[in-house]
Number of protein chains: 2
Amino acid sequence: MSAFVVTGRALASRTPQETVLENVALLVGDDGIIQRRATCGTQAYQDLQSSETLVRLPADTLLVPGLTDLHIHAPQWPQAGTALDRPLEEWLGTYTFPLEARYSDAAFAATVYEDLVPTLLRNGTTTALYFATIHEDASLVLARTCLKYGQRGFVGLVAMDHPDLCPPDYRQASAQEALDATRRFIHAVRTLPGNEAGLVQPVITPRFIPACSDALLNGLGALAAEMNVRVQTHASESDWEHHHVLERAGQTDTSALDTFGLLRDHTILAHAGFLNQNDRTLVKERNAGLAHCPISNAFFAGAALPVRDVLDDHVHCGLGTDLSGGYSPSIFENARQAVLASRMLESGTNPEILPAKRGLPNHRIDFQEAFWLATRGGAEALGVPSGQLLPGQAFDALELRCTLGSLRLSSQDSAASCAQKIVCHASPETIDRVWINGRLVKE
Amino acid sequence: MSAFVVTGRALASRTPQETVLENVALLVGDDGIIQRRATCGTQAYQDLQSSETLVRLPADTLLVPGLTDLHIHAPQWPQAGTALDRPLEEWLGTYTFPLEARYSDAAFAATVYEDLVPTLLRNGTTTALYFATIHEDASLVLARTCLKYGQRGFVGLVAMDHPDLCPPDYRQASAQEALDATRRFIHAVRTLPGNEAGLVQPVITPRFIPACSDALLNGLGALAAEMNVRVQTHASESDWEHHHVLERAGQTDTSALDTFGLLRDHTILAHAGFLNQNDRTLVKERNAGLAHCPISNAFFAGAALPVRDVLDDHVHCGLGTDLSGGYSPSIFENARQAVLASRMLESGTNPEILPAKRGLPNHRIDFQEAFWLATRGGAEALGVPSGQLLPGQAFDALELRCTLGSLRLSSQDSAASCAQKIVCHASPETIDRVWINGRLVKE
């Protein structure tokens, strides 16, 4: 790829509470990294504008950072928008394990992943942290599909060996088998042809504590340290899951994961609705983060993540679609749901209760914060240098059409109102070009 | 319009809990009404298929009934997706009354309504029950715009005269002035050139009790009976509004509206989150109905409408976008939010409370019920013969592309799973042709 300069109106978060809207010129190096950023009216802007490889964005568009999906089960895409009628502990055995077991057929996997990855790109997801399945071949198909379409993919071979929770036809036969498979998978992804720049990364992925033996969890923690690999898992997802771990481990998910060596740099805990203050402190100390999945939580969590507390405590946090616990592949749709869920946590929902006792006051987040979660929040949690269109960050970006679909952005809109309207109204219809690491992946 | 026959796969609700999926042929008369319906495999189907004016839907499409938006403030479209940070009583004076006051300029109204009505058609809204503003000219512009684009529009000139709540520059000067204006507006809409078939109807529209004097409310009730016009208003929308009326009238909104003669055949009460059992019984006895606005409620209601109880009590109910209290012009997006809100009412939201005390058990609705609310529920509440693609009903219908956007419908899907996937995934991208009263209004 050659270096190029892109000019246009750009919107990005500076902090969760502050969004910046400026006419900018960005110099993107041949490595896909933003090397310089200049605002309109400066000499540096003039200099960049005279580049021979100029991409001038039309006036009716707005450049925003690409979106990060911090929690998505790629193999569950065929049941997205169905199977939302059972509690988590029944949903797994009834619908999800049987579906995931089908990925022993790598050809089936290819069909699904060839549909899913482009769908995510159309929705603006430039970085995705995937759960795959226990199958090495099929999970490599997912890694290859990310590479093929240019998506920044973090792919986890799922590890699960606990016979009490996992069916015989969908689990690794032993902790050692799961550990060996994970080690092979890490090596295979790292050496995938075409992946020399590391666009796709392996992730150590214990499904969640209930599905894993202690031996497996300990082994994966050691492997993460040995091979310096990120970790993802579910934590305190529902009342059932939270109490299951409390009973088995005598401590919360978060603290148990830490004991196993799994709470590390950029470990992502999905859901995390029942974390207490100590848990949040521990997550922060370990430089780990949370994947907030507000659509899924309405069906499976039994409560809302107090994302207000998470932001106020400066714990890393982004958004996850949690396909298919959540039905939508859109991080924007999850961003608006994050706002709605925070309002319903703040106000409560039961009209039979007096307003003063109904909710948890001062627990709302606003739309700028949701925009942050969708862009920089997720990238930061995962340790990806992107999400703000700043020098040193990868050029992962979306070109939004300002007046397509339901979006109505005008030159009078402030940065805050742009962020709010985008969270409320952005959809694949409004997303035009998509770049990942400087490469145009959708036009 | 000439009569025609349409053949294809069609999905519609029989009851809130039962959805039917069949290959059908529908004979649509030159008045836009479905005259015959035959299922594939019958002689009647063969006969219809030999029609000379056959519209054969492609195999990768699905016909569904058009959507009814039971509560939408057309003039608030310019602030959709903004201004969601204040409680209702502040929101009105800070953002909304000043915006609505601008519709004294009919040219401004034309610009907005020319954008809004086609946007709603792209979203599948074939019937809309609109609040306009207090301005007769601008409100007639809305009626004319519905006519122009062929949308079934119910348009209300807003009546509001209470000096305590309404600003001096945005209220009618007296009850009599508001009554005279309403009477003129009803006449003007009924005699609009091109409206001979009554596609667009006037609606008596007291904003809500706090904004109206008793004299105005009494007068509007009498006018509704005299001129046989539908009524719409807000009722028990938030804690503030609910208690304001309890204090002023010594009774609930619902029962006060009944006293004023405003709870009539097909009166639509928007929001209605704090109705009690007696209120619901009264609504049912009067053959009135509720407009459930789940997105708006997250911002302004302070609680969730117990729509489970509403359905179980067989009270008429449909969905409203409540633009711009709700940000989305899509009834499908509101339908999925209705499911989510019902789950968050059922489970509660506060993770600090024990699960057994957190929510209101058995209060979920499912996706088939949401599909009903979006289609037949709203039409039934409003007394429009549509929403099920049955003989005697108007041919108001959407052609959905089964595998566009995020929608993935296959021939293996049951009626229930089609309904669920459509509620979860339908968007303007997936909506192809739209017919209203037999007329193709979007292709």
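Chain B can be laid on chain A with an RMSD of 0.0 Å by a turn of 180 degrees and a shift of 0.0 Å along the axis, the copies being superposed by least squares on the C-alpha atoms of residues with pLDDT of at least 70 in both. The two copies are therefore related as by a two-fold rotation axis. The same surface serves both copies, since 100% of the contact residues of chain B recur in chain A; contact here means heavy atoms within 4.5 Å. The model is predicted, with local features requiring pLDDT of at least 70 and side-chain atom pairs counted only at pLDDT 80 or more, whereas totals for chains, interfaces and linings use all residues. Residues are numbered from 1 along each chain as its sequence is written, chains are lettered from A and ligands numbered from 1 in the order in which they are written, and side-chain values use heavy atoms, with hydrogens and water left out.

The interface between the chains takes 52 residues from chain B and 52 residues from chain A. Together the chains bury about 4,400 Å², 54% of it on carbon and sulfur atoms; buried area is the accessible area (1.4 Å probe) that two parts lose on being put together, summed over both. Across this interface 8 salt bridges are found, each defined as a side-chain nitrogen of Lys or Arg within 4 Å of a carboxyl oxygen of Asp or Glu. A:Glu429 pairs with B:Arg122 in a salt bridge whose closest N and O atoms are 2.1 Å apart. The count of residue pairs in polar contact between chain B and chain A is 26 (both at pLDDT 80 or more). A polar contact is a pair of N or O atoms within 3.5 Å; within protein, one must be able to donate a hydrogen and the other to accept it, and residues adjacent in sequence count only if both atoms are side-chain atoms.

On the side of chain B that touches chain A, two or more residues each are given by α3 (106–122), α10 (294–300), α12 (331–347), α13 (355–358) and α15 (415–425) of chain B. Helices (H or I, at least four residues) and strands (E, at least two) are DSSP runs, numbered from the N terminus. The largest share of this side, 10 residues, comes from α12(B).

In chain A, 35 residues of domain 1 are in contact with 28 residues of domain 2. The area buried between the domains is about 2,600 Å², of which carbon and sulfur atoms give 62%. A:Pro16, A:Val423 and A:Ile436 supply 24% of the area that domain 1 buries against domain 2, more than any other three residues.

Between the two domains of chain A the count is 1 salt bridge. A:Arg152 forms a salt bridge with A:Asp396, with 3.0 Å between the closest N and O atoms.

Over all chains, the structure holds 45 salt bridges. One further pair is A:Glu136 and A:Arg184, whose side chains meet in a salt bridge (2.7 Å, N to O). A:Glu136 lies in helix α4 (residues 136–149) of chain A and A:Arg184 in helix α5 (residues 175–190) of chain A, so the pair ties together parts that are 48 residues apart in sequence.
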